[in-house]
Each structure stands twice: as C-alpha cells, then as structure tokens.
Amino acid sequence: MIRLLLISWRNFIRNFNRFRMLFIAVVSAVALITILLAFIGGFTQTIRLKASRYFSGDVGIQAFQRTQSSHIPDPEAVLKIAESIDIPVKGVIQRSIYYHLNGSLFFNGNYAKQRRLVGVDWERERNIFEALSLSSGTYPEAGKSGQILISTKTAERLGARAGDILTVSLQTAGGQQNTERLYISGIFEENSFFGYASYMDRTALNRVMMQDESFVTEIGVYVNDEADQQYVYDFLYDALSKDHAMFQRFYSRQERYDALRTDWDGIRYAVLTLDLQVDDISALIDALRLISYVLFVVFMLIIVVGVSNTYSIIVHERVKEIGTLRALGMTKGKTVFVILSEAFFLGLYSVTIGSVVGIGLTALISAVINVNGINVMELFLVGGKLPFVISFGWMLIVAFITCVSAVIGAGKPAIDASQFAPADAMRQE
Amino acid sequence: MKKIVLFLICLSGFSLYAEDALLAKIDALLTYPESDFSAEYTIIEDKPGQGQKKTVAIIFRRDEVENATIIITAPDSNKGKGYLQQGAVLKVYDPVSGRFNSTSSRDRFENSNMRLSDFTQSTLRLDYKIISSEASKLGTMDTMTYELEAITDDAPYAKKKIWVGPNDVLLQVEDYSNSGQLMRTMVIPKYKKVGNRLVPTNLILIEALRGKMVDGEFVPEKTVVVVNKPAFKAVPDLYFTEAFLERFSK
C-alpha cells in the first residue's frame with residue numbers, strides 16, 4: 001500500500017507539468033472559496049457580536065405590563081435564575097434601556113437622535129465592551145457614573161471627541177424632558193444602525209429617566225457558543241415559567257409584536273433569542289451562506305469535470321507507461337489505486353496551496369480595502385475593515401470535498417486505464 | 001404666639017391664592033373660552049448654517065371645548081398637512097397618504113422649535129405651582145420673575161421661569177428639564193389689542209441645546225413666529241373635524 005502510494009506520489013511529481021493548468025484552476029477555486037467562507041464567517045460573527053451587545057446578550061428576558069415598555073419588577077430573582085444556568089456562559093447582565101426615539105444627545109448645538117440609550121453595569125459587561133474597537137478614549141471606569149460611550153457615527157454628527165461633555169435628553173415616563181451631562185469616556189467604531197445606540201452607566205440612565213436606581217428593563221445572557229443559545233433559551237423559559245406568567249415561546253419578531261398587542265393582566269415575561277431579534281439580518285447572512293454553498297457546489301463540479309477530462313488525456317498519453325507497469329505485474333485494482341492516488345495528491349496539494357493563497361489574500365483584502373462609507377457594508381465592518389474568520393473546521397471540509405472530487409473525477413479514466421491489455425498498451429506509439 | 005401662627009397661615013393661604021390667581025390670569029390672557037379664535041401663523045425657523053425655513057399655517061381654536069385645527073398652507077411640500085385637536089386627542093393628517101396618525105402636544109411642530117402645545121390654550125394654573133418670585137428687569141422693563149414647578153405629568157416641562165410685566169402680561173418663558181437644564185426660551189415681545197383682548201402677535205423661541213458653534217460662540221436655533229389676522233369670530237363646526245382637513249387638502 002505504502003509502496004503504491006510512493007509510486008503515485010512519484011508519478012504525480014514527474015507528471016506535474018501535465019496537471020499544471022488543472023492545478024492552477026483548483027488552487028484558484030480553493031482560494032476563492034476560502035476567501036468567501038472567511039468573510040461570510042467574519043460577517044456572521046461580527047453581526048452577532050454587534051447585535052448581542054445591542055440587544056442585551058444572546059438570550060434576553062423582558063417583562064411587560066399591558067401598553068408599557070419592558071420593566072422587570074424583580075430583577076434580583078430573575079438574575080438569580082439567569083446565573084443558575086448549568087453550562088458555562090460568557091456573562092449574565094442587567095440593563096435599563098430607553099427605547100423611545102426621542103432620546104437625543106446634544107453637544108455644542110449639534111444633536112443626534114438615538115434609537116436606544118442603554119444603561120449598563122460596566123463591571124458586569126467589561127469583557128463584552130472591552131472587545132469593542134474604540135477609535136478614541138477608554139472604556140468607562142466602574143463606579144464612575146457620569147460616563148458615556150458613543151459611536152463614531154454619533155460622535156461625527158455631534159462633532160464631539162472623547163473627553164468632551166455632552167447632554168443627554170429624553171422624555172421621562174411622566175412625559176417631561178429630563179437631561180444629564182455626561183463625560184464621553186470613549187468613542188467606539190460603528191457606523192451602521194447599531195451606532196444609533198449609546199451606552200452609559202445604568203444608574204445614570206435611571207436618574208435621567210427618573211426611575212429607581214435598581215430599575216432594570218432587560219436581563220440577558222451572553223453565550224460562549226452560538227450553539228448554546230437554544231439550550232439557554234429553554235433553560236430560562238422553563239425556569240421562569242415556574243413562578244412567572246409567561247408569553248408563549250416566540251419564533252419570530254412578528255409573533256412577539258402581535259402578542260404585545262393583545263390584552264392581559266399583570267406582568268408577563270418574554271424570553272427572546274438573538275436569532276429572533278435579528279431575523280432580518282439573519283436572512284441576509286443565510287442568503288450569503290447559500291450563495292457560497294452554491295458556488296462551492298459549482299466549483300466541485302468544475303473540479304470533477306476538469307479532473308476527469310485531464311485524466312482522460314493523461315491516461316491516453318501515459319498508456320505505454322501504464323502498459324509497462326501492468327506487464328511487470330501490477331493488477332487492475334492497483335492500477336486504479338495508483339491513478340486515484342495521483343488525483344488525491346493533486347487535490348491535497350491544490351488545497352494546501354489554495355488555502356494558503358486564500359488566507360493570504362483574505363488578510364490582504366481586509367487590511368487594504370477600506371469599504372467605510374458604503375452603507376450596506378457598514379453593518380459588517382469592524383473598525384472600517386472587513387472582518388474575517390478562518391475556520392479550521394470549514395477548511396477541513398473544503399480539503400476533504402476537494403480531494404474526494406478529484407478522486408471521483410479520476411475514477412473513469414482510472415478504470416479505463418486498468419482495462420488496457422499490457423501487450424497492446426506497450427505497442428502503442 | 002397663636003396669633004402669629006394664625007397670621008402666618010393666613011398669609012401663606014393668601015399668598016397661595018394670589019399665586020394661583022396670577023397663573024390663572026396669565027392663562028386667561030392666552031386662552032379664549034368665550035369665543036372662537038383664528039389667525040395665520042408665519043413661522044420662520046433659523047438654523048445656523050442651514051438658512052431659514054418659512055412655514056405658514058392657519059389655526060382655528062375653540063378653547064371652550066379644547067378643539068383646535070392647524071392647516072399648513074406653505075411651503076408647497078407640506079401644503080394640506082394638518083393637525084386636529086379634539087379634547088385630549090391630537091392627530092396629524094398627512095395629505096399624501098390621506099391618513100390620520102396620533103401625535104402628542106409635546107411633539108415638535110414640523111420639526112421646528114415650536115411644540116404643538118404652543119398653539120393651543122395655556123394651562124399654567126393646572127400644570128404648575130409657583131415656588132419662588134422676585135422683582136427683575138427685562139431690558140428696561142420692570143418685571144416679576146416666577147419659578148414654577150410642575151404639579152402634573154401633563155406639564156411638558158418640569159420647571160419653568162416666567163417673566164411677567166405690567167398688567168400681568170407674560171413676556172418671557174424659560175423651560176427647564178427636571179435636572180434644571182435650560183431647554184428653551186420663549187420671548188413674547190409684542191401683543192396686539194383685538195377687540196377687548198390682548199393677543200401675542202410675535203413670539204421668539206430660542207433653543208438652548210440646538211444650534212451651532214460659530215467662531216467659538218454658540219449660536220442657538222431660533223424660531224420667529226408672527227401672528228397675522230387674529231380674529232375672534234365664530235368658526236363653523238366643520239372646521240374642527242377630520243373631514244375638513246381632508247377636504248382642505250384636496
């Protein structure tokens with residue numbers, strides 16, 4: 001077996017010139033797929049990261065009274081439930097959020113409306129926010145209440161810099177305007193709609209909203225792995241159901257919206273996954289993934305057809321060599337094995353080089369190409385750059401499928417070659 | 001001792017009554033329950049760096065039943081848009097979609113510095129109480145300044161400071177947030193006698209937070225309102241209906 005593999009490897013090296021064009025084609029295809037998968041992976045991860053920060057984690061708990069925004073009346077008890085999750089999680093957080101569109105920031109006469117003013121416990125969310133790419137300033141110090149993090153989009157609109165003092169203004173539950181002056185601790189890189197959120201200390205936001213210091217609108221859980229999201233959701237839903245009135249399980253944003261418009265008494269709790277919160281964006285990501293899968297299939301077909309055609313020619317050109325090997329005692333099966341192994345080596349070699357080229361080009365594209373200012377891309381960017389993720393798992397799948405495709409493509413020519421009668425083959429010129 | 005306490009109680013009671021009466025008097029100056037009211041408002045917004053924007057609106061008020069209709073007649077892009085107040089309900093009419101949507105008296109009028117509540121009757125007495133007063137000057141005019149604090153959630157601002165001139169005429173109002181941040185100043189430099197009533201015919205609204213830094217100095221956004229053709233004549237009931245706004249826009 002090893003001997004046959006060595007023969008195959010020697011044949012592959014010696015006949016490499018015959019494979020050159022096919023090799024270049026497969027390397028290009030692998031590199032292209034690597035680039036696509038790396039960026040789609042990067043986009044997906046970035047969106048999830050931004051969205052989880054915006055929507056209070058990967059799984060969130062809200063509590064509603066009829067016609068009112070979320071307010072969790074017993075945050076300590078709910079927090080205890082969230083902290084009792086029996087798998088490791090990245091963090092359990094509590095926030096107060098001002099959801100209404102009239103929350104605004106003012107600086108030197110400029111103003112920027114915010115989609116959300118988010119009150120966070122800096123210490124609890126430190127590991128989440130420290131992953132933020134800050135264009136200037138620093139992460140707020142825990143215990144200092146009057147600090148705010150704003151996005152580059154907001155900072156640009158306000159003409160404000162880190163260290164400036166802005167005024168946050170909103171309408172209290174009573175309907176009156178209230179304001180607070182806050183120190184801009186840092187400015188995070190964000191120009192998409194996620195940039196219409198500003199983050200401040202929860203007690204400071206509660207003060208502006210004229211709420212108790214302990215006021216909480218959402219409790220959330222950041223999971224370690226996307227795959228844990230459903231488990232955490234089920235855990236929280238079941239645990240909360242024991243002592244709290246619950247909405248039904250929601251499978252879309254529309255269901256949640258419809259449920260909130262129904263009549264009910266008292267307080268009802270809702271558990272929401274990030275997938276549900278970002279179902280529009282998820283659809284976009286799924287579409288991108290689908291496109292890459294289709295491209296992947298097309299590329300595999302090209303490999304199969306390319307390898308098949310190339311090997312038909314190669315086998316024809318090497319008929320005398322194959323005849324000699326057969327005359328020296330190589331069986332039909334071994335002949336097939338040697339040719340298939342050559343194809344496998346071609347696939348493996350192409351994948352190795354293609355992956356290296358793909359990763360290099362991905363890093364180069366990410367570093368060089370600046371897509372800042374292209375609206376549709378802002379959502380996916382990190383610090384103005386295209387983010388990418390090199391997934392070892394995906395690369396193994398690509399390698400496996402490429403090698404298998406090459407072997408499949410070489411299948412028929414290999415069988416044809418094994419059918420040569422040694423004497424006839426050796427007679428051919 | 002008892003007499004002194006009794007005197008102080010009487011004094012504070014009288015003072016409360018006097019303050020209440022003052023706010024009622026100011027409300028009466030800006031509220032017209034005895035007759036319908038109509039006027040044409042020319043609203044000129046001056047946003048530093050963005051130039052001026054002029055909006056003309058006709059307003060009909062029936063304060064007796066808290067009804068009001070505002071119809072925009074200029075610029076052309078907003079012509080036919082209207083607002084309808086029927087008691088506590090306030091709606092905005094969009095002539096393009098032909099739909100009415102709920103709005104609030106606290107909302108800005110056409111994104112200007114005017115609130116919708118600025119068009120309708122004054123409710124200072126119901127919404128505020130006086131917490132302090134002092135003699136002051138506004139320009140060269142002797143005035144009294146009163147600090148007001150909201151007593152209901154209906155009040156659009158938590159605190160106000162008002163300048164009251166001779167004959168208890170309201171000359172200036174400063175609106176403050178709960179935390180004491182000045183939000184807006186409204187100056188009423190001109191009143192006109194219409195029949196036996198005084199009608200404010202010129203208002204200047206100055207934003208405290210919105211504006212632009214020009215040569216290192218803050219230049220606020222400003223709105224000047226000129227009230228033309230004020231009249232206390234009966235207005236047809238139809239004018240306070242959705243049908244009127246729909247018909248007018250066509």
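User: What makes the way α10(A) passes α14(A) a right-handed crossing?

Analyst: A crossing gets that name if the near helix is turned clockwise from the far one by less than a right angle, and left-handed if anticlockwise. In this predicted model, α10(A) passes α14(A) in the right-handed way. Local features here need pLDDT of at least 70 and side-chain atom pairs 80 or more, while totals for chains, interfaces and linings use all residues. Residues are numbered from 1 along each chain as its sequence is written, chains are lettered from A and ligands numbered from 1 in the order written, and side-chain values use heavy atoms, leaving out hydrogens and water.

User: Are α10(A) and α14(A) roughly parallel or roughly antiparallel, and how do you know that?

Analyst: Helix α10 (residues 279-317) and helix α14 (residues 392-418), both of chain A, pack at about 30 degrees with axes 8 Å apart. The axes are lines fitted to C-alpha atoms over the stretch in contact, and angles run from 0 to 180 degrees between N-to-C directions. Under 35 degrees counts as roughly parallel, over 145 as roughly antiparallel, 65 to 115 as roughly perpendicular and the rest as oblique. The pair is therefore roughly parallel.

User: What makes up their contact, and how do the residues split by class?

Analyst: Contact means heavy atoms within 4.5 Å. From α10(A) the residues include A:Tyr293, A:Phe296 and A:Ile303, and from α14(A) they include A:Trp394, A:Gly409 and A:Pro413. By class there are 17 nonpolar, five polar and no charged residues. Ala, Val, Leu, Ile, Met, Phe, Trp, Tyr, Cys and Pro count as nonpolar, Asp, Glu, Lys and Arg as charged, and the others, Gly among them, as polar.

User: Is A:Glu190 buried or exposed, and why?

Analyst: Buried means under 20% relative accessible area, exposed over 50%, partly exposed in between (1.4 Å probe, protein chains only). A:Glu190 has 4%, so it counts as buried. A:Glu190 is in the loop between β9 (177-188) and β10 (197-201) of chain A. Beyond residues up to four places away in sequence, A:Glu190 touches A:Lys50, A:Ser151, A:Thr152, A:Lys153, A:Gly195 and A:Glu378.

User: What makes B:Arg197 buried, and what is its side chain joined to?

Analyst: B:Arg197 has 13% relative accessibility, hence buried. B:Arg197 lies in strand β12 (residues 197-214) of chain B. A 2.6 Å polar contact joins its side chain to that of B:Glu34. For that term, a pair of N or O atoms must be within 3.5 Å; within protein, one must be able to donate a hydrogen and the other to accept it, and residues adjacent in sequence count only if both atoms are side-chain atoms.

User: Is A:Ser185 buried or exposed?

Analyst: A:Ser185 is buried at 4% relative accessibility. A:Ser185 sits in strand β9 of chain A; strands are DSSP E runs of at least two residues and helices H or I runs of at least four, numbered from the N terminus.
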